[in-house]
Amino acid sequence: MALERSTRNVTRPAVLAALAEYKKIGQKAFLKKYGYKPARTYRLWHEGEPYDSKAIIGAAFGYLPGSPKPLRYDEFSGGLVHVVPVLKELGFSFDQPADVVTKGKNPLWTRDQLILALDLYVRHDGRDPGANHPEVIEISALLKQMATEIGQATFRNPNGVIMKLMNFRSLDPAFTGKGGKGLDGASKLDKAVWSEFYGKPQQLAIAAEAVRAAVVENLSDDESDEIQSYSVKEGKVSYRYHRVLERKGAVVSLRKRAALTKHGKLDCEACGFDFVAVYGPRGYGFIEAHHTNPVHAMKEGDETAPEDLSLLCSNCHRMIHKAKPWLTVDELKALLVNA
C-alpha cells in the first residue's frame, strides 16, 4: 500500500535528516532543490539555528522508508495546519533560544527598514510622535518580523524607532536650519537613504508600501500558501483573492512610479480623486491598483505587468466590483459623466 502523502507520516529521524541536508548545502540551495519559499512566520529552531519549517517537513517526507518523493510545496498548507503541530509532536521547537535573543547588539539597519522609518518621519513632518504612538509601535513590530524572517534577533522596540527618527532629524535642513541638531549617529546608509528620498514624499511612500507588501500583505503562512498555489476553477475568483493578487507590492509600486513620473501625482483614473489634495501628507503614495484584465481570466503562471493595472480611488474600485459583470474603467467613467 502506498504511503499517504501527509505530513502526519513524517518521523523525527526523517526531519533530522532534512535538517542535516539543509545545514550542509545552505538555505538557498535547499529551497531551490525542493521548490519552497522562505518561511515568514513559523521558523523551526534546532541546535540554535533557524530553519524554514514547511520546506523541512516537505523534504523530510522524502527521507521516509522507501524513499518516496518529497512533498511538493502545493501539496499541503503550512503554519498551524500541517506543519507546526506535527513538528511539535516530534519534539521540535519554534521558540527562538534565549541565548540567541540576549546576545550581542542589534544588527545594523537595512535599507528596507530605513525606508519604513523615514516614511514615518516624513508623515509626521519630523516631529517626535512618541514611543506609544500606534504607528511607532507598528513599525517596531514590522522591524522585528523582518529580522526574524532572516533568522536575526532584534531588540528594536518603539524607543529604538524614535531614536532612528531623531537620527534623521540631524540630516533634515528644516530642523538643522533653525539651530536644531537632532541625534548624533546617523550612519552612512541613513545619509544615503535620506539623500535618495529627500523632497520626494510620494516616491518614499511608494517604496515604503512595497516593503510593507513583502512583510504584511503576504498574510499568514497558511493564507499565503493557499494563494500561491491557487488555480482558477470554472472562471471563479473571490473578491478577496482578486485584491491579494492585484496588490503585489513590486508591480503596484512600479505602476505608481510610472504615473507619478508622468503626471506628478497619483489621482484616480476614473474620477480624478487625489488623496494628497484631500488628506495631506497622510495620503502620500496611497491609491488602489486594479487589474484591467480580469483575474478570473488569468491562467496559473500568468504574471501581472505594471501596464495591466489601473490606479483607482477606493470608491471607484469598489464600484467596479459591486456586481458581475465587472465594469471596465471606461464604463465607470461613462457612468460618472452621465451622473
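Just past the end of helix α6, Asp125 adopts a positive phi of about 55°. Keep in mind as you look around that this is a predicted model.

Now step back into the helix itself. Helix α6 covers residues 111-123, which makes 13 residues.

Which residues of α6 are buried? They are Gln113, Leu114, Ile115, Leu116, Ala117, Leu118, Asp119, Leu120 and Tyr121.

Leu143 belongs to helix α7, which is made up of residues 134-149. In sequence, Leu143 and Gln113 are 30 residues apart, yet in space their C-alpha atoms are 6.5 Å apart. Is Leu143 buried or exposed? Its relative accessibility is 0%, so Leu143 counts as buried, because buried means under 20%.

Let us turn to the aromatic rings. Searching the whole structure turns up 13 aromatic pairs. In one of them, the ring centres of Tyr121 and Trp194 are 5.9 Å apart and the planes stand at 75°, so this pair is edge-to-face. Tyr121 sits in helix α6 and Trp194 in helix α10 (residues 188-197), so the pair ties together parts that are 73 residues apart in sequence. Tyr121 is buried, with a relative accessible area of 2%, and Trp194 also counts as buried, at 10%.

Another pair joins Phe275 and Phe286: their ring centres are 4.8 Å apart with planes at 85°, so they too are edge-to-face. Phe275 is part of helix α15 (residues 275-279), while Phe286 lies in the loop between α15 and β3 (288-291), so this pair links parts that are 11 residues apart in sequence. How do the two partners compare in burial? Phe275 is buried, with a relative accessible area of 9%, whereas Phe286 is partly exposed, at 38%.

Finally, have a look at Lys54. Where does Lys54 lie relative to Tyr73? Lys54 is over the face of that ring, 3.9 Å from the ring centre. The charged end of Lys54 also sits over the ring of Phe76, at 4.9 Å from its centre.

Technical notes
Residues numbered from 1 in each chain as written. Predicted model: local features only at pLDDT ≥ 70, side-chain atom pairs only at ≥ 80, totals over all residues. Heavy atoms only, no water. Helix = DSSP H or I, 4+ residues; strand = E, 2+ residues; numbered from the N terminus. Expected span 1.5 Å × (residues − 1). Buried < 20%, exposed > 50% of the residue type's maximum accessible area, 1.4 Å probe, protein only. Phe/Tyr/Trp six-rings, centres within 6.5 Å; stacked < 30°, edge-to-face > 60°. Lys NZ or Arg CZ within 6 Å of the ring centre and 35° of its normal.
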